[in-house]
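Please look through the model shown below, moving from the whole chain to single residues.

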Amino acid sequence: QSLYRLLGTEVGEIPYYRNYGLDLKQFVQKPLTQETAKAVYKYVEDRINAFEPRVSVIDAITEVDWEQYSIIMVYTMQVIKTGEVFTVPFVVPIGA
C-alpha cells in the first residue's frame with residue numbers, strides 16, 4: 001500500500017512532507033524515447049529507495065507505448081525483512 005501511495009502522490013501534495021511523492025511533470029515535454037523511459041525508471045527507482053526503505057528494487061521492465069503516448073513500467077521488488085517478491089505496475093502518461 002505504501003508504494004501505491006508513493007507512486008500516486010505528487011510532490012508538494014502532503015503538508016509538512018512536501019518532498020514526498022513523484023514529480024513526473026518534469027518529463028512531460030521530453031520526447032518519448034527509450035532514453036526518456038530510462039530516465040523515468042531511474043527517477044522512480046530513486047524515489048522508491050528514498051521513501052520506502054523496507055523494499056529493494058530487483059528489476060524493472062520499461063516500455064514505451066506509442067499509441068497511448070506513455071511509459072509502462074513494471075517494478076519487481078523484494079520486501080527486505082521477509083524476502084517476499086512482488087511486482088508493481090506503473091504507467092506514466094507523457095502527453096501528446
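What follows describes the chain as a whole and then turns to two of its residues.

This is a predicted model, in which local features need pLDDT of at least 70 and side-chain atom pairs count only at pLDDT 80 or more, while totals for chains, interfaces and linings use all residues. Residues are numbered from 1 along each chain as its sequence is written, and side-chain values use heavy atoms, with hydrogens and water left out.

The protein chain has two helices and three strands, and, read along the sequence, these elements follow the pattern α-α-β-β-β. The radius of gyration of the protein chain is 14 Å, close to the 12 Å that the globule rule gives for 96 residues, so the chain is as compact as a globular protein of that length. Here the radius is taken over C-alpha atoms, and the globule rule is 2.2 Å times the number of residues to the power 0.38. Helices (H or I, at least four residues) and strands (E, at least two) are DSSP runs, numbered from the N terminus. Taken along the principal axes, the box that the C-alpha atoms fill is roughly 40 × 30 × 20 Å.

Of the 96 residues of the protein chain, 35% count as buried, where buried means under 20% relative accessible area, exposed over 50%, and partly exposed in between (1.4 Å probe, protein chains only). Among contacts between residues at least 6 apart in sequence, 43% join residues at least 24 apart, a contact being heavy atoms within 4.5 Å.

Leaving aside neighbours within four places in sequence, T9 is in contact with I14, Y20, G21 and L22.

S70 is buried, with a relative accessible area of 4%. When neighbours within four places in sequence are left aside, the residues in contact with S70 are L32, E63, V64, D65, V91, V92, P93 and I94.
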